[in-house]
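This report describes selected features of one protein chain. Please consult the sequence and the three-dimensional structure shown below while reading.

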Amino acid sequence: MSDEPQQQGPAGDGGEATGTGKAKKPKRPKRKGWRRIFPTWRMVLGGFLLLALLCVGAFLTGYFLVDIPPANAAATKQSNVYLYADGTEIARDGKVNRENVPLKEVPLHVQRAVLAAEDRDFHSESAVDPKAMIRAAWNTVTGKGKQSGSTITQQYVKNYYLGQEQTVSRKVKEFFISIKLDREVSKDDILSGYLNTSYFGRNAYGVQAAAQAYYGKNVRELSTAEGAYLATLLNSPNAYDVATHPENKQRAAGRWNYVLDGMVKEGWLDKADREKAKFPMPDEAKGAAGLSGQRGYVVKAVEDYLTSNKIIDEETLAKGGYRITTTLQKDRQEAFKKAVDDQVMSKIDKDARKVDRNVRAGGASIDPATGKVVAMYGGIDYTKQYVNNATRRDYQVGSTFKPFVFTSAVENGSVTQDGRPITPNTVYDGTNKRPVQGWSGGAYAPENEDQVNYGNITVREATDKSVNSVYAQMAVDVGSDKVKDTAIALGVPKTTPDLTASPSIALGPSTASVLDMTEAYATLANHGKHGTYTLVEKITKAGEEVELPEQDTKQAVTREAADTTTSILRSVVQGGTGTAAQGAGRPAAGKTGTAENDTAAWFAGYTPDLATVVAVMGQNPDTGAHTPLYGALGEARINGGGYPARIWAQFTKAALDGKPVKDFDLELEQGADVPVPPDPTATGGTRAPETGKPTDGGGPTDGGTTDGGPTDGGTTTDGGTDTGGTTTDGGTDTGGPATGGQTGDQTDGGATTDGGTTDGGTADGGTPGGPTDGGTDAGGATDDGGASDGGGIGLTDG
């Protein structure tokens, strides 16, 4: 071996490093192509750890920074102030109705009913439920409705420590306060606080106040069924108060059943006891003394308007502090009350007539040009009768619905079964119990009022006399689905109970409110332009103005459709069932109506300046049941052309006093003023579509054609008309003798008395009292008004 040192090659030249030098690690190859897009596992792990640290840090920061605050100032909340349009005060509300009770005084079954309704896992869960919160947020974002993911603890924190505002900061505070509270306070204390701070409606805060407000008893006396109903109210007090809104009973009962079924599921209620439970109707509510007279009705109507239009939610409004200027005009409000007092209330004698204690009245008036409600009559006194008769939706509107059928006919260019356009002069068969033709849903043959047979009659005359058989047939000719669409376009809510597409829709079995009908008639008065009514002019809180929705006005039906309807409704006032409305001293159009069994009588009418609807209703003050008005106010029968029309006339005259008299400016459908003769092969005005022959109701009535009516061959009856077929009022106009009927002579078997054909007349073949040829039962007509298998309801008319 040589003594000379060996030479080392440089690292990286292919030679090995020798001696004490270490080999260098080869460089990691660079990531190329698609691999560069994705993070490495080290990056993912690092990011996750960083996020976890940030979350823990944020949680700890929030937990230590957010303290449990003192209770909010709900106990000293402000009143809401309600004003007339001119700024004068109507009413103040806002006194908190609350009486705290210890949890031991709340029966266990009531506590469990609340838990079944709101938070079934309350005793076992943590203060917050992240899964529920995420689910609620997702449902809200995806349009499945605004939902709450809050536990009872969170709801209590919101009620007692914070407020109802929907902000991120409030939700964050609620989250941390709930966690702290759950660590420092027992579940029983939280539940007790929740029960004493929750809002149940009727200005009742807390379960004790609610027990008194709805059942007139202390909370410890509540049954399981009653407790379940109060628990139902927590979800939405306004929606589930069945005394204030009778139409909501089905919805409330569904929620009540949900609560009881939940109690069974959790083992808190025996199944046998559940099956015995019956829905516990709450007492009729009593308004606060400061809301007596019409004031309480106004306040409640405004509250409903604000909450239903999502301007202010119910709980926020209940916190108070708002200054609300309504559209109501003080002088017109007072005029409405005076008209009802003068025409109805002053005539009530409860000692002489027991039925008088059942008499109710409701009314509303709208400026057609603006859609503003200028007056409203809700009832005798809010502290005596809580339900607002102007806004309730549980009385049939009767024949006040008929004008919508004719409007729809003009709007859709409809024709009769035999192809004639429907105008005010189109002739129909007005035979009592005449089966409608062209309806595939079953037999339907409605009765006319007092079962009068009218024979051939024009649409205008049929409107004047409110002939059910004519309008039921017209509804089929137009298409009952189109009639329904027209009514909704005019302003009748699409959710109105019993607003069904069938021939009976023409007779008004639907239960729209007085205010709903006023809105629809205001659209007719405004030449077919519809704007949703408004009850509020301005709202401020702490000097800041609350934004109100813009008035959305559109042409709901053509001007010709609305104006031609107005032309026939003018005839009703000029010489039909609504002549009492002439007392207003103004050009007017209107329609009378009567609910089934005479439980309500209506008059709906308008001048060019004002649309007003009035209803007189029958309701048992003890049971709340609808009752007939027979014998009330000393009258054998209450019709729409009587007391309702007289109230309308007095109010309208006073409301428009000092304003110039305006006449209607009408643009009528083509041919509206041209007489339309009936088809010579179909005397009754319609023809069976299958054969082209006269229908069962299309032939002569009571053994012959009506006085003055044309016969198939053009011959005349005892009415003595010429062969041209010109009809007279023979046999139908009870207001006076008919041509050929002045002495009560029989016309081919059909006796006339003072111009009125009656079923007591001699029929074909001389059989006294027989039905008309077209008046048979025809597959489902009933004595009570002709309800058929087709689902119709027979309604008489005033």
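With which side chain does the side chain of Thr 316 make a polar contact? The partner is the side chain of Asp 313, at 2.7 Å. The model in which this contact occurs is a predicted one.

## Thr 316 and its setting

Thr 316 belongs to helix α13, which covers residues 314-318. Buried residues are those under 20% relative accessible area. Thr 316 has a relative accessibility of 18% and therefore counts as buried.

## The chain as a whole

The chain has 798 residues, and buried residues make up 53% of them. Its secondary structure comes to 21 helices and 19 strands. Of the contacts with a separation of 6 or more, 70% are accounted for by residues 24 or more positions apart.

## The antiparallel sheet

Five strands, in the order β7-β6-β16-β15-β14, form an open sheet with antiparallel pairing. From one strand to the next, the twist averages 10°.

Helix α19 (residues 514-525) touches β6, β7, β14, β15 and β16 (611-618), and its direction makes about 35° with that of β6. Helix α20 (residues 559-575) touches β14 and β15, and its direction makes about 70° with that of β14.

How many of the six residues of strand β14 are buried? Six of the six residues, 589-594, are buried, so the strand is largely enclosed by the rest of the structure. In a regular strand the side chains alternate between the two faces of the sheet. In β14, Ala 589, Lys 591 and Gly 593 point one way, while Gly 590, Thr 592 and Thr 594 point the other way. The residues of both sets are buried.

Strand β15 (residues 600-606) pairs with β14 in the antiparallel sense over six bridges. Within this pairing, Gly 593 stands opposite Trp 602, and Thr 594 has Ala 601 as its bridge partner. Five residues lie between the two strands of the hairpin. In this hairpin, Asn 597 takes a positive phi near 65°.

## Tyr 395

Is Tyr 395 buried or exposed? At 2% relative accessibility, Tyr 395 counts as buried. The residue is found in the loop between β7 and α15 (402-411). Its side chain reaches the backbone oxygen of Gly 618 at 2.7 Å.

Beyond neighbours within four places in sequence, the contacts of Tyr 395 include Ser 510, Thr 511 and Ala 512. Also among them are Thr 599, Ala 600 and Trp 602, as well as Met 617, Gly 618, Gln 619 and His 626. Tyr 395 and Glu 247 are 148 residues apart in sequence, and their C-alpha atoms are 9.9 Å apart in space.

## The second largest pocket

The second largest pocket has a volume of about 760 Å³. Its lining consists of 33 residues, of which Glu 284, Gln 619, Asn 620, Pro 621 and Gly 624 lie nearest the centre. Strand β6 (residues 359-367) supplies the largest share of this lining, three residues.

## The mixed sheet

A further open sheet is formed by five strands in the order β2-β1-β5-β11-β12, with mixed pairing. Here β2 (89-93) and β12 (544-545) stand at the edges with a single partner strand each, so one side of each is left without a neighbour in the sheet. Helix α12 (residues 295-308) packs on the sheet and touches β1 (80-83), β2, β5 (322-326) and β11. The direction of α12 makes about 70° with that of β2.

Strand β11 (residues 536-541) pairs with β12 in the antiparallel sense over two bridges. The bridge partner of Thr 540 in β12 is Glu 545.

## Helix α7

Helix α7 (residues 207-215) is mostly covered, with seven of its nine residues buried. These buried residues are Val 207, Gln 208, Ala 209, Ala 210, Ala 211, Tyr 214 and Tyr 215. They pack against the strands β3 (97-98) and β4 (204-205), and against the helices α2 (108-118), α6 (187-197) and α8 (224-233). After α7 comes Gly 216, which has a positive phi near 60°.

Notes
Residues numbered from 1 in each chain as written. Predicted model: local features only at pLDDT ≥ 70, side-chain atom pairs only at ≥ 80, totals over all residues. Heavy atoms only, no water. Buried < 20%, exposed > 50% of the residue type's maximum accessible area, 1.4 Å probe, protein only. Helix = DSSP H or I, 4+ residues; strand = E, 2+ residues; numbered from the N terminus. Contact = heavy atoms within 4.5 Å. Pairing = 2+ DSSP bridges. Axes fitted to C-alpha atoms, helices over the stretch in contact; angles between N-to-C directions. Polar contact = N/O pair within 3.5 Å; in protein donor to acceptor, adjacent residues only side chain to side chain. 1 Å grid on protein atoms, 1.4 Å probe; cavity = no way out; pocket = protein on both sides within 12 Å on 5 of 7 lines; lining within 4 Å. Points joined across faces, edges and corners; volume = space filled by probe spheres on them.
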